[in-house]
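Please look at the sequence and the structure before reading on.

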Amino acid sequence: MSQQMPLTISSWSLGDRCTFAQRVSAAKNAGFEGIGLRAETYVDARNEGLSDRDILQILDTYQLKVTEVEYIVQWAEEHRSYEQKYKEQLCFHMCELFHVQHINCGLMEDYSVAHTAEKLRELCRRADGLDIGVEPMPYSGIPNVEKGWAVVRESGMENAKLILDTWHWVRANQPNTVEALKGIPPEKIVSIQINDVHDHPYPASVLRDESMHDRLAPGTGCGDTAGFLRMIRDKGINPRSVGVEVISDPILARGVHETAAYLYETTKAVLRQVWPEVLPEQEETNEL
């Protein structure tokens, strides 16, 4: 199933203090099929002195692909900064360079569904065929899947879609049931990201700090990663990538290679329970 739903280590999981080659080698050695890149981590690679050709050569050497591109923000603002406009264009370039067909997008600002849908429509048109994956986050202007789907639906754009993340799903107090996705066509969920959560959330005023520093590896907390994956599977969703996004200061302190290895093993254990078809082909073979 690796060609359809590549198991990907998301950009944030390996932080921003490693070289591009270290990022790729850590992911490959752990067993992942793809890496995620943020616009910032792509710029970091270029700042190392790597050309686009160099970056592609490193990926080819390790037989790894970029399978996740992120992150467009502030797209609902009437007057966007040039920084954000450049970042958006950079994400478009990355998709072309790495042959990725979707971009992860978030929105911290809180606007009405009508306004947000109109701005999403404009973004989708600028994306020129690329899928725009809107990611609901409980501390954001799109706090849950209900508003996320309302915005995507009202935009009326074929390439407007959703990205679902375990951490955000649990912290928005949404149940791991297919009923929670009622009315959403499976093809409108373009990709997923998995992780886990602590027993008790940070206070609402600093909930984003937990998201950005203190997530847990899949299957190691109380968020029922297996239940989340079962919901996705039973809904008939075929995510374009399965990202492992564990943003954790304590885990990353182990170093990028140990972090990648640990996240792969914990992810593999959960996938074996509920969705072994997502495992890379060599793991599927080992299971037979």
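This is a predicted model: local features need pLDDT of at least 70, side-chain atom pairs count only at pLDDT 80 or more; totals for chains, interfaces and linings use all residues.

Residues are numbered from 1 along each chain as its sequence is written, and side-chain values use heavy atoms, with hydrogens and water left out.

Eight strands form a closed barrel in the order 1-2-3-4-5-6-7-8, with parallel pairing. Strands (E, at least two residues) and helices (H or I, at least four) are DSSP runs numbered from the N terminus, and two strands pair if DSSP finds at least two bridges between them. From one strand to the next, the twist averages 30°; angles run from 0 to 180 degrees between N-to-C directions, and axes are lines fitted to C-alpha atoms, for helices over the stretch in contact. Strand 5 and strand 6 are joined by three bridges, and Ile-132 has Ala-160 in strand 6 as its bridge partner.

**Helix 6.** Is this helix mostly covered or mostly uncovered? Of the eleven residues in helix 6 (residues 145-155), eight are buried, so the helix is mostly covered; buried means under 20% relative accessible area, exposed over 50%, and partly exposed in between, with a 1.4 Å probe and protein chains only. Among the buried residues are Trp-149, Val-151 and Val-152. The buried residues pack against helix 5, strand 5, strand 6 and helix 7, where contact means heavy atoms within 4.5 Å. Helix 6 runs at about 165° to strand 6. After the helix comes Gly-156, with a positive phi near 70°.

**The cores.** A nonpolar core is a set of buried Ala, Val, Leu, Ile, Met, Phe, Trp, Tyr and Cys residues joined through side-chain atoms within 4.5 Å. The largest has 80 residues, and Leu-120 is one of the members that touch the most others. Helix 11 gives the largest share, seven residues. A second, separate core of eight residues includes Met-137 and Tyr-139. Leu-120 also touches Val-151 and Val-152, among others.

**The cysteines.** The whole structure contains zero disulfides, a disulfide being a pair of cysteine sulfur atoms within 2.5 Å. The distances below are too far for a bond.

| Cysteine | Closest cysteine sulfur | Distance |
|---|---|---|
| Cys-95 | Cys-91 | 6.9 Å |
| Cys-105 | Cys-91 | 7.3 Å |

Cys-95 is buried, at 2% relative accessible area, and Cys-105 is buried, at 0%.

Technical notes
Lists of a residue's contacts leave out its neighbours within four places in sequence.
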